[in-house]
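Subject: Structure handover

Hi,

Here is the structure I promised to pass on. Please open it next to this email and follow along.

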Amino acid sequence: MANPIDGSGRPASNPMQDARDSRQLRETVSEPNRGDERNQDAAAGSTSTAGESERLQSLREAVDQTPEVDRGRVDALREQIANGEYPLNADSIADRFAELEGLLEG
């Protein structure tokens, strides 16, 4: 499967699978039962890791539900803009940038 972002022949990476593989490798390599304190730290870490995993999974689902780019539509809009046929409202654009900056600062 081609990478949908850059259109290359490389497969898109799966951060969720990479994280699982990395975690499994760490669990395999680490020494079990190395004192109560370490086990308590691991339990606390696994709780936070579970929360992060759920968050990453929900983000992945959102990305998967995002429609792919309609290249034909993008090309048509580019052509309209280049030919001066696409109406642009500078005030509206400026207002949206100001709104975005407010979100980024807050």
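Aspartate 64 is exposed, because its relative accessible area is 51% and the cut-off for exposed is over 50%. Keep in mind that this is a predicted model.

Which residue does aspartate 64 meet in a salt bridge? The partner is arginine 60, and the N to O distance is 3.4 Å. Both residues sit in helix H2, which covers residues 36-65. They are 4 residues apart, about one turn of the helix. Arginine 60 has a relative accessibility of 28%, so this residue counts as partly exposed. That class lies between the buried limit, under 20%, and the exposed limit, over 50%.

**The other pair**

How many salt bridges does a search of the whole structure find? The count is 2. Besides the pair in helix H2, there is one between arginine 78 and aspartate 75. Here the closest N and O atoms are 3.9 Å apart. The cut-off for a salt bridge is within 4 Å, so the pair counts.

Find helix H3, residues 71-82, to see this pair. Arginine 78 and aspartate 75 are 3 residues apart there, so about one helical turn separates them. Is arginine 78 buried or exposed? Arginine 78 counts as exposed, because its relative accessibility is 52%. Aspartate 75 has a relative accessible area of 41%, so aspartate 75 is partly exposed.

**The nonpolar patch**

Which helix gives the most to the patch? Helix H4, residues 90-105, does, with 5 residues.

You will find phenylalanine 97 in helix H4. Its relative accessible area is 53%, so phenylalanine 97 is exposed. A patch residue needs over 30% relative accessible area, and phenylalanine 97 has 53%.

**The whole chain**

Last, zoom out. The protein chain has 4 helices and 0 strands. Along the sequence, the pattern reads α-α-α-α. How much of the chain is buried? Of its 106 residues, 3% are buried. Buried means under 20% relative accessible area. The chain exposes about 9500 Å². Carbon and sulfur atoms supply 51% of that area.

Best wishes

Notes:
Residues numbered from 1 in each chain as written. Predicted model: local features only at pLDDT ≥ 70, side-chain atom pairs only at ≥ 80, totals over all residues. Heavy atoms only, no water. Helix = DSSP H or I, 4+ residues; strand = E, 2+ residues; numbered from the N terminus. Buried < 20%, exposed > 50% of the residue type's maximum accessible area, 1.4 Å probe, protein only. Salt bridge = Lys/Arg side-chain N within 4 Å of Asp/Glu carboxyl O. Areas by Shrake-Rupley, 256 points an atom, 1.4 Å probe, with all protein chains shown as cover.
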